[in-house]
Amino acid sequence: MTATQVDAVFSALADPTRRSVLETLSSGATVTASGLARTLPISRQAVSKHLASLRDAKLVSSERVGRETVYALRPEPLEDAAAWIERVGADWDRRLAALRRSLG
């Protein structure tokens, strides 16, 4: 995952509404923007804008089914972001361990 992709994921996750949408999608269900709007305190148009941000970050996929577009979670970018966090955390763990050794 490139730095730009990681940035897009974290930018998408920074918004509580988008996190709520991802939580809804994490059940494995596919939903429409209208369906999401019924569960959120925002308009369908606002939901569509949030879904566009999530799609830009590659966190959701969309598929046209009849007249509706259904959205589903794409977990791979989340897994990549978690791996990035783990790498950064491991680097800090190594640095702190070295500091403890030099102080102890």
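Visitor: Which strands does helix 2 lie across?

Guide: In this predicted model, helix 2 (residues 16–25) lies across strand 1, strand 2 and strand 3, and runs at about 85° to strand 3. Axes are lines fitted to C-alpha atoms, for helices over the stretch in contact, with angles from 0 to 180 degrees between N-to-C directions. Helices (H or I, at least four residues) and strands (E, at least two) are DSSP runs numbered from the N terminus.

Visitor: Which strands does helix 4 touch?

Guide: Helix 4 (residues 44–56) packs on the sheet and touches strand 2 and strand 3, where contact means heavy atoms within 4.5 Å. The direction of helix 4 makes about 120° with that of strand 2.

Visitor: What is the strand order of the sheet?

Guide: The order is 1-3-2 in an open sheet of three strands, with antiparallel pairing. Strand 1 (31–32) and strand 2 (60–65) are at the edges with a single partner strand each, so one side of each has no neighbour in the sheet. Two strands count as paired if DSSP finds at least two bridges between them.

Visitor: How many bridges join strand 1 to strand 3?

Guide: Two bridges join strand 1 to strand 3 (residues 68–73), and these strands run antiparallel. T32 stands opposite V70 in strand 3.

Visitor: And how many bridges are there between strand 2 and strand 3?

Guide: Strand 2 and strand 3 pair over six bridges in the antiparallel sense. S61 has A72 of strand 3 as its bridge partner, and R64 stands opposite T69 in strand 3. The hairpin of these strands has two residues between them, and G66 takes a positive phi near 65° there.

Visitor: Which residue other than glycine has a positive phi?

Guide: K58 has a positive phi, near 65°. K58 is in the loop between helix 4 and strand 2.

Visitor: Changing topic: is A37 buried or exposed?

Guide: A37 is buried, with a relative accessible area of 16%, and is found in helix 3 (residues 33–39). Not counting residues up to four places away in sequence, A37 touches I42, S43, R44 and V47.

Visitor: Which residues touch the most other members of the largest nonpolar core?

Guide: Of its 18 residues, V21, L36, V47, L51, L54, L59 and V60 touch the most other members. Such a core is a set of buried Ala, Val, Leu, Ile, Met, Phe, Trp, Tyr and Cys residues joined through side-chain atoms within 4.5 Å. Helix 1 (3–13), helix 2, helix 3 and helix 4 each supply at least two residues of this core.

Visitor: What is L51 in contact with?

Guide: Leaving aside neighbours within four places in sequence, L51 is in contact with V21, A33, L36, V60 and Y71.

Visitor: What conventions apply here?

Guide: Residues are numbered from 1 along each chain as its sequence is written, and side-chain values use heavy atoms, leaving out hydrogens and water. Local features need pLDDT of at least 70 and side-chain atom pairs count only at pLDDT 80 or more, while totals for chains, interfaces and linings use all residues.

Note on methods: Buried < 20%, exposed > 50% of the residue type's maximum accessible area, 1.4 Å probe, protein only.
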